[in-house]
Amino acid sequence: MQPSSGPQLAKTLTIGRGVALALGIVIGAGVLVLPGQAYAQVGDAAVYAWILDAGLVIPLLLIFSELGARYPSAGGAAGFVRSVCGTRLGTLGEFLLMAAFFLGIPAIALSGAAYFGALVGLHGWGLDALAAAIIVALSVMHALGTQISGTVQQVLSFTLVGILSLIACVGLFMHPLMRLHVAPVASWRQSLPAVGMVFFAYTGWEMLSFMGEEFKHPKRDFPLAIAFSYVAIVILYIAVALAVQTDLSQHDPRTIIAPIATLLASVIGPLAGNAVAVLALVIIVANLNGALWAASRLIFATAREGTLPRRLAVLNTRGVPWVALFACAAVFVGVIGMHIVGWISQPLMFALAGQNFLLIYGLCAIAYVRQASGRWRKGFGIAVGLMCLVVLDSFGWKIVYPCGIAIVTLVLVALRRRHAGGKGHKSSSNPVHRTTHEQQKRGNRDYD
């Protein structure tokens with residue numbers, strides 16, 4: 001849904017930049033460890049876990065690509081829900097996503113700082129300071145314009161893909177002890193215990209939905225960006241998984257802890273650790289670049305709708321929501337400060353953010369069902385929603401976090417309705433005010 005009023009983001013994204021954003025967001029630090037962990041768990045059948053998850057993620061991508069093409073909005077997944085389901089669920093989606101970003105992005109930054117710290121010998125609070133510095137530096141770069149940040153993302157993403165492709169080729173074709181181990185296709189069921197773990201590597205495309213409003217041709221370019229990036233990522237993941245199975249031992253502890261470093265060490269020697277640290281830093285910076293883009297657009301869209309202070313919806317001369325951008329950066333740095341004093345751990349940040357993203361998938365499935373035509377399409381959306389519900393059981397006590405967010409959302413929506421109703425009652429005696437109020441109600445039909 002294109003916003004009916006308020007500042008509009010500049011349309012600067014092409015298919016190429018969209019693909020670069022998707023690559024940088026989806027390919028995370030998990031690719032450095034998951035191929036080895038899956039191989040250690042299920043042996044020669046591990047590659048089938050990567051293939052199965054490549055198929056399992058398709059339903060979610062179809063939902064996101066269709067909703068993103070139909071309702072291009074800076075609100076991303078929450079914008080889809082607001083457009084189809086109205087204010088209550090839309091506001092809930094916005095707050096769930098904000099709560100996920102506010103914890104997940106600082107956790108990613110801390111991961112990047114840890115890899116760089118290992119490279120230069122940095123420890124303790126210095127890692128937290130470095131994580132905060134990375135966030136601030138990327139925020140300043142974003143404020144300079146989407147042309148610059150988009151170009152940087154292209155360089156980072158394509159460099160990342162090139163490095164991982166080179167690693168896969170080294171493992172598959174250049175190792176002197178090459179011995180490709182792949183279980184027969186008929187034994188694919190042996191890979192099922194690793195499917196859930198590997199699926200983490202295929203998450204992140206939902207972040208691209210926040211850039212929908214900035215695509216020059218969203219109906220065409222948004223689905224194509226998802227499709228092209230999906231093909232590239234699937235090929236890359238399977239190649240890396242095969243390389244690990246070719247050169248490493250299933251029972252070697254190094255296969256679980258650092259498979260990529262171990263693979264490179266067999267070829268380039270002791271420099272492998274430094275090479276992996278650089279690779280990890282490129283991955284983390286690319287992740288953060290896309291995540292900052294998404295988070296700032298969510299804050300901007302929510303403020304433009306009136307849920308947050310409208311001051312956050314201000315654009316600079318380059319069409320960048322700079323107030324929302326630096327507000328996000330301030331919150332992220334504050335969360336890192338909480339980490340420094342020991343109020344929250346990095347694993348807990350990832351856990352709480354991850355469950356919120358899963359709930360957003362469920363809300364998007366509801367939106368898809370409500371706008372879908374035909375029994376098969378509705379059944380497809382219901383199946384995706386049920387898949388998300390099944391995983392809810394694993395949250396445990398952490399479900400308190402999204403439940404608290406839901407309560408805050410209900411209270412906020414109720415207060416907004418009461419405030420709007422009071423204004424309408426006071427102005428009902430004046431025909432001019434009454435007309436204005438009625439026009440406002442008609443302009444905000446989705447709030448009812």
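W50, Y202 and Y237 form one aromatic cluster in this predicted model, where local features need pLDDT of at least 70, side-chain atom pairs count only at pLDDT 80 or more, and totals for chains, interfaces and linings use all residues. Residues are numbered from 1 along each chain as its sequence is written, and side-chain values use heavy atoms, with hydrogens and water left out.

The structure holds six aromatic pairs, where rings of Phe, Tyr and Trp (its six-membered ring) pair if their centres lie within 6.5 Å, and planes under 30 degrees apart count as stacked, over 60 as edge-to-face and the rest as tilted. Two of these pairs are set out here.

| Pair | Centre to centre | Angle of planes | Class |
|---|---|---|---|
| W50 and Y237 | 5.3 Å | 65° | edge-to-face |
| W205 and Y230 | 6.1 Å | 50° | tilted |

Because W50 lies in helix α3 (residues 46-56) and Y237 in helix α10, their pair ties together parts that are 187 residues apart in sequence; helices are DSSP runs (H or I, at least four residues) numbered from the N terminus. W50 is buried at a relative accessible area of 1%, and Y237 is likewise buried at 1%, buried meaning under 20% relative accessible area (1.4 Å probe, protein chains only). W205, in the loop between α9 (192-199) and α10, is 25 residues from Y230 in helix α10, and both W205 and Y230 are buried.

Helix α10 (residues 218-247) also packs with helix α4 (residues 58-70) at an angle of about 160°, their axes 7 Å apart. The contact (heavy atoms within 4.5 Å) includes F64 of α4 and Y230 of α10.

Methods. Axes fitted to C-alpha atoms, helices over the stretch in contact; angles between N-to-C directions. Helix = DSSP H or I, 4+ residues; strand = E, 2+ residues; numbered from the N terminus. Buried < 20%, exposed > 50% of the residue type's maximum accessible area, 1.4 Å probe, protein only.
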